[in-house]
Amino acid sequence: MAKVELKQPVVSEIKELLEGAESAVVVDYRGITVAQDTELRKNLREAGISYKVYKNTMIRFAAKGTDFEALGPVLEGPTAIAVSKTDATAPARILAEFAKKATALEIKGGVVEGVFYDAKAMEKISNIPSREILLGKLLGSIQSPITNFARVLKQIADGQGAEA
């Protein structure tokens, strides 16, 4: 069997992983312990994020012609890729948080919603709260004036009832 035929299933697997993905973050995992790697994989899995180690050439072939092709410059050395299809900032957020404990883990860069970001920009993206938290804050800010308005109307109604 030719080498190309052996590599094709891996390339197809990566293509399928990247298809419809919101974001992909590339990390250098050298130096983290097996226990740290296990914990990281668990954290990512719980957030619905796929995390795998692939050869850089395989990622390049799979990403060709997609937004993720921009990852090319950071595909050097040992590489793991974290991909999310639902929350665009989740991989960066979880990996950056984990890198605080496991300093050997290094974020190389990533693509978020079709735009490539280097390591420094990915750190800024990691500070963006999750979609659920942002929606909660938005709902709270919308709800606050309505609640205040209702309270004022109730006070007016109660005040008019006392005068009568």
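Helix α1 and helix α3 (residues 56-63) pack with their axes 8 Å apart and at an angle of about 60°. That angle makes α1 oblique to α3, where under 35 degrees counts as roughly parallel, over 145 as roughly antiparallel, 65 to 115 as roughly perpendicular and the rest as oblique. This is a predicted model, in which local features need pLDDT of at least 70 and side-chain atom pairs count only at pLDDT 80 or more, while totals for chains, interfaces and linings use all residues. Residues are numbered from 1 along each chain as its sequence is written, and side-chain values use heavy atoms, with hydrogens and water left out.

**Helix α1 against α3**

- The crossing of α1 and α3 is right-handed; a crossing has this hand if the near helix is turned clockwise from the far one by less than a right angle, and is left-handed if anticlockwise.
- From α1, Lys7, Val10, Val11, Ile14, Lys15 and Leu18 meet Met58, Ile59, Phe61, Ala62 and Ala63 of α3, contact being defined as heavy atoms within 4.5 Å.
- By class, this contact of α1 with α3 has 9 nonpolar, no polar and 2 charged residues.
- In that classification, Ala, Val, Leu, Ile, Met, Phe, Trp, Tyr, Cys and Pro are nonpolar, Asp, Glu, Lys and Arg are charged, and the others, Gly among them, are polar.

**Helix α2 against α4**

- The axes of helix α2 (residues 34-46) and helix α4 (residues 90-101) cross at roughly 155° and come within 11 Å; axes are lines fitted to C-alpha atoms, for helices over the stretch in contact, and angles run from 0 to 180 degrees between N-to-C directions.
- Gln36, Glu39, Leu40, Asn43 and Leu44 of α2 make the contact with Ile94, Leu95, Phe98 and Lys101 of α4.
- The contact of α2 with α4 comprises 5 nonpolar, 2 polar and 2 charged residues.

**The sheet**

- Five strands form an open sheet in the order β2-β3-β1-β4-β5, with antiparallel pairing; two strands pair if DSSP finds at least two bridges between them.
- At the edges lie β2 (50-53) and β5 (115-118), each of which pairs on one side only.
- From one strand to the next, the twist averages 20°.
- Strand β1 (residues 23-28) pairs with strand β4 (residues 106-112) in the antiparallel sense over 6 bridges, and Val26 stands opposite Gly109 in β4.
- Helix α1 (residues 3-18) packs on the sheet, where α1 touches β1, β2 and β3 (80-84), and the direction of α1 makes about 40° with that of β3.
- The antiparallel pairing of β4 and β5 runs over 4 bridges, and the bridge partner of Gly109 in β5 is Asp118.
- β4 and β5 form a hairpin with 2 residues between them, and Glu113 in the turn has a positive phi of about 50°.

**The chain as a whole**

- The chain has 6 helices and 5 strands; helices (H or I, at least four residues) and strands (E, at least two) are DSSP runs, numbered from the N terminus.
- Along the sequence, these elements follow the pattern α-β-α-β-α-β-α-β-β-α-α.
- The radius of gyration of the chain is 23 Å, well over the 15 Å that the globule rule gives for 164 residues, so the chain is more spread out than a compact globule.
- That radius is taken over C-alpha atoms, and the globule rule is 2.2 Å times the number of residues to the power 0.38.
- The C-alpha trace spans about 95 × 35 × 25 Å along its principal axes.
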